[in-house]
Amino acid sequence: MQNDIGQTAQTIQTPRIVEVGQHRDGPRCPPGIRLGRIAQQGVDPGTGNKSGKDAAGDVPAADDQDFLHAGIVADDIGELMSYQVTVQPGGRQFVAESDETLLDAALRQGLIIPYGCKDGACGACKGKVLAGSVDHGRAQAHALSDREKAEGMTLYCCATAQSDLSIECRQMTSATDIPVKTLPSRIEKLEKLAPDVIEMHLRLPASEKLQFHAGQYIDILLKDGRKRSFSLANAPGDDNLLQLHIRHVPGGVFTEQVFSTMKVRDILRFNGPHGGFFLREESSKPVILLAGGTGFAPIKSIVEQALAQGNPRSMHIYWGAKARVDLYQHALPEAWAAQHPQVHYVPVLSEPAADDHWQGRTGFVHQAVMADFPDLSGHQVYACGSPAMIDVARKDFVSVCQLPEEEFFADAFTFSAT
Ligand SMILES: Cc1cc2nc3c(=O)[nH]c(=O)nc-3n(C[C@H](O)[C@H](O)[C@H](O)COP(=O)(O)OP(=O)(O)OC[C@H]3O[C@@H](n4cnc5c(N)ncnc54)[C@H](O)[C@@H]3O)c2cc1C
Ligand code: FES
């Protein structure tokens, strides 16, 4: 141990695919040839980024376990098929093996399909299969309906290829070189921002940093192997300190502890960064940032980063909450708007309390956006919060306000089944 938190060595390896048995004939392996992926340490299954693996291996995440097994895949399991996937528009191609999801395959080869939960729950990775067949895997019914399946839609975080494929993805980008790490951290601060919201500061070991894109999230690794996702609320500048906004879910496995027994100096392990929710800097379109409750956390990170970089892009922040007390950092976006002409802030309460004496906007937050921007055809929207809010915002913005669907980026706070 080199410090009081404990040090983890990070190995960073370039993902590689090896063939076992016979060489591929061109980009696609003919039926019957067995393929295996080995030496997967360093490749995060969720992001495909080069990842640092916990060298001590004492707290492997479930995903890590999967990859520990990947090294013996060629010997242990039956025939694996390799399929060519062509992405439209644009015609970019990657290879997907029959035992990996299309999202994992794309990420492994440096291509980012937008995604959120990686669990078949949020719908962020939904796309259309234009040709070929897939197994929809563990897609959850509320995220992918039977009708959508019949129309050719699938969730790329769950779907595996059963043939060569042509798929649609309008937001595909190339992966950056940010490593995914598994690290210990020490709780430095626990501050109640509202009766049911705590701001948690996590301090990394002195020699460690976590690079991330503003808007991404980490997975807290629980002792029993489960994990819980939380968006990073600070901008990447101080990458030795991470801020989280944690809402209390009564009886919740993790948040119940945060609000009762957890204390400063406790150690938490996490894995990250994850997710495709970050500002697309190649665009100069004006931006609507839509937050519900603690969905303000990644929005705060994005705005702080944009302001630190002197980004002149117009940003309209809409923050929806029940009552005034739930706008737990109301003064912050107010100050941004007062100090930066390109930033605008509209708080919206759905159920203001009588003693709030609220003079501001009321109702559903996405409807406030629609009232102010009946034509969103020239905008980008970044939305974060409950799955219900995100679903209705996506649907209404696209169908009523002419927002191009590929300009809607979202992180839904889905909750785990375990
Ligand atoms: C990408 C991503 C980012 C996230 N970022 C944040 C964040 O920044 N801040 C934050 O507070 N949360 C965030 N979440 C949600 C968080 O990961 C947990 O799901 C949440 O904190 C509950 O965890 P828990 O272990 O306390 O409850 P669990 O033990 O998972 O749940 C207990 C019970 O409550 C139900 N439940 C859980 N959450 C909800 C809910 N929201 N509404 C209704 N019922 C629920 C469960 O179904 C279960 O029955 C995020 C989720 C995702 C997928
Ligand atoms: S449903 Fe695929 S990332 Fe959430």
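Two strands pair if DSSP finds at least two bridges between them; helices (H or I, at least four residues) and strands (E, at least two) are DSSP runs, numbered from the N terminus. This is a predicted model, in which local features need pLDDT of at least 70, side-chain atom pairs count only at pLDDT 80 or more, and totals for chains, interfaces and linings use all residues. Residues are numbered from 1 along each chain as its sequence is written, while chains are lettered from A and ligands numbered from 1 in the order in which they are written.

**The sheet**
- Six strands make up an open, parallel sheet, in the order β22-β21-β20-β19-β23-β24.
- At the edges sit β22 (361–362) and β24 (408–412), each pairing on one side only.
- β23 (residues 380–385) runs parallel to β24 and is joined to it by five bridges, and Val-381 stands opposite Phe-408 in β24.

**Around ligand 1**
- Ligand 1 is surrounded by 25 residues (C-beta atom, placed from the backbone, within 6 Å),; the closest are Arg-247, Gly-252, Phe-254, Thr-255 and Phe-415.
- β16 (227–231), β17 (241–247) and α5 (255–259) are the elements giving two or more residues to this shell, and β16 gives the most, with four.
- Domain 2 (183–274) and domain 3 (287–412) each supply at least three residues to the shell; the domain bounds come from an automatic or database domain assignment.
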